[in-house]
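Look through the chain below before reading on.

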Amino acid sequence: MTDDALTGADAPVVVIGAGLAGLTTALHLADHVPVVVLAKRSLSEAATAWAQGGIVGVLGADDSIDSHVRDTQDAGAGLVDEHTARFIAENSAQAIRWLVEQGVAFSEDPEGPLGLHLTKEGGHAVRRIAHAADATGLAIHQVLLQAARRHPRITLRERWMAVDLITSRLLKRSESARCYGVYALDIDSDQVQTLPARAVVLATGGLGKVYRYTSNPDTATGDGIAMAWRAGCRVGNMEFIQFHPTCLYHPQERSLLITEALRGEGAHLRVPGLEGEAARFMPRHDARAELAPRDIVARAIDFEMKKHGVDHVWLDATHLGEDFLKSHFPTIHARCLSLGIDIARQPIPVVPAAHYTCGGVVTDLQGTPSAKRPTPACTVPIDWRAIHCWNVWWWGKRVRRPSATRMLP
Ligand SMILES: Cc1cc2nc3c(=O)[nH]c(=O)nc-3n(C[C@H](O)[C@H](O)[C@H](O)COP(=O)(O)OP(=O)(O)OC[C@H]3O[C@@H](n4cnc5c(N)ncnc54)[C@H](O)[C@@H]3O)c2cc1C
C-alpha cells in the first residue's frame with residue numbers, strides 16, 4: 001500500500017457499526033466530512049433495534065441531575081465514575097431532544113416534559129425513561145437509518161465486517177503509532193477490502209454472544225474491543241457484565257428479553273411450584289422487591305433457581321390485565337403469544353441472561369482512547385468537541401467509561 005493511498009486528505013471517516021452509536025456519530029460528522037459506515041450483517045441487525053424499555057433522561061419536574069447520579073452510583077455499587085455519570089446525566093435531556101427532532105415517535109403524554117410519557121424501571125427513584133411503547137430501539141434505529149440513507153455524504157456498507165485496524169504497528173512501520181484505516185471483509189464478494197480513513201470510530205456494540213443465555217444479537221461478539229486491544233489501546237472493566245434478570249426461557253427463543261418495565265408496572269417474580277407469599281421471593285432479597293437494580297434481581301433469581309433446583313422462575317403479570325398489557329407491552333404480548341404463552345393469563349418463564357458489556361476500550365469523555373503506546377490516527381484535524389460525539393454513548397445508564405471509541409492523534 002502506498003503512502004498516498006493511506007493518507008489521502010479526502011479519505012472518509014470510517015465508522016465501524018450501524019447501531020445507535022455508529023449512526024449518531026455518522027449523522028453528526030457527515031455535515032463536516034464524508035463518512036462510511038460498516039455493518040457486519042444486515043443494517044437492521046443491532047442491539048439498538050432490539051432495545052425495548054427506553055432511554056433514561058433527566059426530564060421530569062420531580063427529577064434532578066443529583067438524583068440520577070445517586071441512582072446510577074447505587075446501581076453501580078459505588079464503583080461508578082461520578083464525573084462520567086454526571087456528564088451523561090447533564091446531557092441526557094439534550095440527547096433525547098435531538099432524537100425527537102430526528103422524528104423518533106416516542107410515546108406521548110401531553111402533560112409530560114417535551115410531551116413525552118416517562119416510564120419507570122428498577123433502580124430509578126422517579127419516572128425518567130422516554131420510550132416508544134415497548135419497542136423503543138426499533139423506533140430509534142429505523143429513524144436514524146433512514147436519515148443516514150438520505151444523507152449524501154454517508155455511505156452505508158452492509159455485510160462488511162471489519163477484521164482489523166490498519167496501524168503502523170500492523171504494517172511494521174517505525175514511525176510513531178497511527179491508524180490509517182480498516183481491513184474489512186466484504187462478505188458477499190468474499191474479498192478483504194482496504195478502507196483508508198482519516199479517522200476510525202469503533203461503535204461495534206457488546207459481546208453478549210460469548211454467553212449461553214444472552215439478550216444480544218449474533219453481531220455482539222466484541223470485535224471492536226479486540227481490534228482496539230490489538231492496536232495497543234487500553235481495555236478495561238471487562239469483568240463487569242450486566243445480566244438482565246428476565247430473558248424468556250424457551251427452547252425456540254433464546255434471546256427474547258422481557259423488559260423490566262413490566263416489573264416497573266407491577267409484575268411479580270415467583271418460584272415455580274410454590275404458592276402465595278412463599279413463591280414471591282424478591283421482598284426477601286431487597287426492600288425494593290422487584291424494583292431493585294438489575295444486578296440484585298438477577299442474583300436473587302440465580303439464588304432461587306439453585307436453591308429450588310429449577311430451570312427458570314416465573315414473571316407473573318397476569319394481574320395487570322389484558323388491556324393494559326396489550327397497550328403498554330404490545331410486542332412482548334404478541335411475541336410470547338406466538339410462542340404459546342399468553343402473558344395476560346399465564347406467568348412467563350424467565351432466566352437471567354448476559355445483557356450489557358460495561359467495560360470496553362478505555363476513553364476520556366470525548367471518546368479518545370487511552371493507549372499503552374501512543375495510538376492512532378487522523379490525517380485531517382476534526383473538531384470532535386464541536387460535533388458532540390458524546391451523543392453516541394448516553395444510551396442507558398451503565399456508566400463506567402464510554403466504550404464506543406474513536407481514534408485520534
Ligand atoms: C434486547 C435488548 C434490550 C435493550 N434494552 C435497552 C433499553 O431499554 N434501554 C437502554 O438504554 N439500553 C437497552 N439495551 C442496550 C442498548 O440496546 C445498547 O446499549 C445500544 O443499543 C448499543 O448501541 P451500539 O450502537 O453501541 O451497538 P449495536 O446497536 O449493537 O450496534 C453494533 C453495530 O456494530 C456492528 N458490528 C459489530 N462488529 C462489527 C464488525 N467487526 N464489522 C462491522 N460491523 C460490526 C453491528 O453489525 C452493528 O451494526 C438493550 C439491549 C438489548 C440487546
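Predicted model: local features only at pLDDT ≥ 70, side-chain atom pairs only at ≥ 80, totals over all residues.

Is Arg159 buried or exposed, or partly exposed? Arg159 is partly exposed, with 16 other C-beta atoms within 10 Å. The scale behind this term counts other C-beta atoms, placed from the backbone, within 10 Å of a residue's own: 20 or more is buried, 12 or fewer is exposed, and anything in between is partly exposed.

Residues are numbered from 1 along each chain as its sequence is written.

Arg159 is found in the loop between β6 (154-158) and β7 (160-167). Its phi is positive, about 60°, although Arg159 is not a glycine. Asp190 also has a positive phi, near 60°, and is a residue other than glycine. Asp190 sits in the loop between β8 (179-186) and β9 (191-196). With 7 C-beta neighbours inside 10 Å, Asp190 counts as exposed. The names of strands and helices come from DSSP runs numbered from the N terminus: helices are H or I runs of at least four residues, and strands are E runs of at least two.

Now turn to a sheet. Four strands form an open sheet in the order β12-β15-β14-β13, with antiparallel pairing. Each of β12 (241-248) and β13 (268-270) stands at an edge with a single partner strand, so one side of each is left without a neighbour in the sheet. From one strand to the next, the twist averages 45°. Two strands count as paired if DSSP finds at least two bridges between them.

Seven of the eight residues of β12 are buried.

Helix α11 (residues 294-308) lies across β12, β13, β14 and β15 (348-357), running at about 60° to β12. Such angles run from 0 to 180 degrees between N-to-C directions, with axes fitted to C-alpha atoms, for helices over the stretch in contact. A contact means that the C-beta atoms of two residues, placed from the backbone, lie within 7 Å.

Finally, consider the whole chain. It has 14 helices and 17 strands, and buried residues make up 49% of its 409 residues. Of the contacts with a separation of 6 or more, 73% join residues 24 or more positions apart.
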